[in-house]
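Hi,

Here is the structure I promised to pass on. Have a look at it first, and then read my notes below.

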Amino acid sequence: MTSHLPSSPPSPIPTAGVLRSRWLALVCCIALVVLGLAWELVLAPTGRGTLAIKVLPALLAVPGLWRMRLYTYRWMSLAVWMYFTEGAVRATSEGGLSAWLAGIEVLLSVLLFVACALHVRARLAAARVVPAEAGLAGPPA
């Protein structure tokens, strides 16, 4: 007896913009993890290095960014503002190497936000195109 279950539609091939934003997000996220660990454990440690735990959200996002999970890009575009805020505060309140590291953190967090936003936007645009090409689009709104 053969099964007549509906087959799932083929997943669309990622566009060049989706792939570029994925790589930018991955590089920035991994760079934030490396920067945070190096900053708190080696370059300019504060206390016993317990602030290194701040890299945990970015570290948890890496597998989802790699697998192109849309949900990960969405929540990371919100979580990245923690890194931006920390970098902005420490860039203006500390001096020397810590201020430079904070400036790099601000730059990486803005780039990560832009990459996540572009990725989500490109994926949603690609999802609108696929039904239209298949003749499944509804009436124009």
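This is a predicted model: local features need pLDDT of at least 70, side-chain atom pairs count only at pLDDT 80 or more; totals for chains, interfaces and linings use all residues.

As background, side chains of opposite charge can pair when their charged atoms come close. Searching the whole structure turns up five salt bridges, and here are some of them.

Start with glutamate 40 and arginine 90, whose side chains form a salt bridge at 2.7 Å, N to O. Glutamate 40 sits in helix H1 (residues 16-43) and arginine 90 in helix H3 (residues 70-93), so this pair links distant parts of the chain, 50 residues apart. Are these two buried or exposed? Glutamate 40 is buried, with a relative accessible area of 0%, and arginine 90 is buried too, at 7%.

Next, lysine 54 and glutamate 86 meet in a salt bridge at 2.9 Å, N to O. Lysine 54 is in the loop between H1 and helix H2 (56-66), while glutamate 86 is in helix H3, so the pair ties together parts that are 32 residues apart in sequence. Buried means under 20% relative accessible area, so lysine 54 counts as buried at 17%, and so does glutamate 86 at 19%.

Finally, go back to arginine 90: its side chain also meets that of glutamate 94 in a salt bridge, at 3.0 Å, N to O. Glutamate 94 has 29% relative accessibility and counts as partly exposed.

Cheers

Key. Residues are numbered from 1 along each chain as its sequence is written. Side-chain values use heavy atoms; hydrogens and water are left out. A salt bridge is a side-chain nitrogen of Lys or Arg within 4 Å of a carboxyl oxygen of Asp or Glu. Helices (H or I, at least four residues) and strands (E, at least two) are DSSP runs, numbered from the N terminus. Buried means under 20% relative accessible area, exposed over 50%, partly exposed in between (1.4 Å probe, protein chains only).
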